[in-house]
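Please look through the sequence and the model shown here before reading on.

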Amino acid sequence: MKKEKNIIKVQRYESPCGLLLLGSFGDKLCLCDWQVEKHRDHVDRRLKRMLCSEFEVGTSEVIEKAARQLDEFFAGKRKEFDVPLLFVGTDFQKTVWNELLEIPFGKTVSYGEMAQRIGMSKAVRAVANANGANSISIFAPCHRVIGSDRSLTGYGGGLPAKKFLLELESQPRLAL
């Protein structure tokens, strides 16, 4: 008897700086990833394998909420998200991704600072790799992590998208 697969609902979201794929598993967002991402297949395989799931085009309450909050974010009306997230990865990756949630809106930290923040100051490269494997961009703001020389370094959506997001967050915001 074949084990039945779970479903990850997926839907495209057109942002001002690139196409994203939103995905939900149950009542949590597990995917907000750039369509131009070099590692798309790797991210998709990891989610499917670890959640014993298949992708199905469709929507869900959490995808609708995520899309609304992204609309508000890009319109300058939102600084924080309250969409429930499901991080799918190793314990180390989850530690790094949860630390991303602690970086304040409009601020940046280096990969070295991230490593120090999680108590593993020598794990800079591992932190950078975990950051690159983040499948919930913007909500877990990996765009806020930059090089130690303050330069913009690799980003799944491409450096123009990273620059766009950081500039968006440096603009004066509208009152909610």
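## Report on the predicted model

Cysteine 52 is partly exposed, with a relative accessible area of 34%; buried means under 20% relative accessible area, exposed over 50%, and partly exposed in between (1.4 Å probe, protein chains only). Cysteine 52 belongs to the loop between H1 and S4, and its phi is near 45°, a positive value in a residue other than glycine. Helices (H or I, at least four residues) and strands (E, at least two) are DSSP runs, numbered from the N terminus.

The model is predicted: local features need pLDDT of at least 70, side-chain atom pairs count only at pLDDT 80 or more, and totals for chains, interfaces and linings use all residues. Residues are numbered from 1 along each chain as its sequence is written, and side-chain values use heavy atoms, with hydrogens and water left out.

A positive phi is also found at isoleucine 138, near 70°, again in a residue other than glycine. Isoleucine 138 is located in the loop between helix H5 (124–132) and strand S6 (145–146). With 1% relative accessibility, isoleucine 138 counts as buried.

### Sheet and helices

Four strands make up an open sheet with mixed pairing, in the order S3-S2-S1-S4. Two strands pair if DSSP finds at least two bridges between them. Strand S3 (28–34) and strand S4 (53–57) are at the edges with a single partner strand each, so one side of each has no neighbour in the sheet. From one strand to the next, the twist averages 30°. Axes are lines fitted to C-alpha atoms, for helices over the stretch in contact, and angles run from 0 to 180 degrees between N-to-C directions.

Strand S1 (residues 6–15) pairs with S4 in the parallel sense over five bridges. Within this pairing, valine 10 stands opposite valine 57 in S4. Helix H1 (residues 40–50) packs on the sheet and touches S1, strand S2 (18–25), S3 and S4, its direction making about 165° with that of S3. Contact means heavy atoms within 4.5 Å. Helix H2 (residues 61–74) lies across S1, S2 and S3 and runs at about 20° to S1.

### Charged side chains

The structure holds seven salt bridges, each a side-chain nitrogen of Lys or Arg within 4 Å of a carboxyl oxygen of Asp or Glu. The table gives some of them.

| Salt bridge | N to O distance |
|---|---|
| Glutamate 56 and lysine 9 | 2.9 Å |
| Lysine 65 and aspartate 82 | 3.5 Å |
| Arginine 78 and glutamate 72 | 2.7 Å |

Glutamate 56 forms its salt bridge with lysine 9. Because glutamate 56 lies in strand S4 and lysine 9 in strand S1, the pair ties together parts that are 47 residues apart in sequence. Glutamate 56 is partly exposed at 34% relative accessible area, and lysine 9 is partly exposed at 26%.

Lysine 65 forms its salt bridge with aspartate 82. This pair links distant parts of the chain, 17 residues apart: lysine 65 is in helix H2, and aspartate 82 is in the loop between H2 and helix H3 (91–100). Both are partly exposed, lysine 65 with a relative accessible area of 27% and aspartate 82 with 48%.

In the salt bridge of arginine 78 with glutamate 72, arginine 78 is buried, with a relative accessible area of 17%, whereas glutamate 72 is partly exposed at 29%.

The charged end of lysine 48 sits over the ring of phenylalanine 55, 4.8 Å from its centre. A charge sits over a ring if NZ of Lys or CZ of Arg is within 6 Å of the ring centre and within 35 degrees of the ring normal.

### Aromatic rings

The structure holds eight aromatic pairs. Rings of Phe, Tyr and Trp (its six-membered ring) pair if their centres lie within 6.5 Å; planes under 30 degrees apart count as stacked, over 60 as edge-to-face and the rest as tilted.

The rings of tyrosine 13 and phenylalanine 74 are stacked, because their centres are 6.5 Å apart and their planes are at 20°. Tyrosine 13 lies in strand S1 and phenylalanine 74 in helix H2, so the pair ties together parts that are 61 residues apart in sequence. Both tyrosine 13 and phenylalanine 74 are buried.

Phenylalanine 74 also forms a tilted aromatic pair with phenylalanine 164, at 6.3 Å centre to centre and 45° between the planes. Phenylalanine 164 lies in helix H6 (residues 159–170) and phenylalanine 74 in helix H2, so this pair ties together parts that are 90 residues apart in sequence. Phenylalanine 74 is buried, with a relative accessible area of 13%, while phenylalanine 164 is partly exposed, with 30%. One aromatic cluster is formed by Tyr13, Phe73, Phe74, Phe81, Phe105, Phe139 and Phe164.
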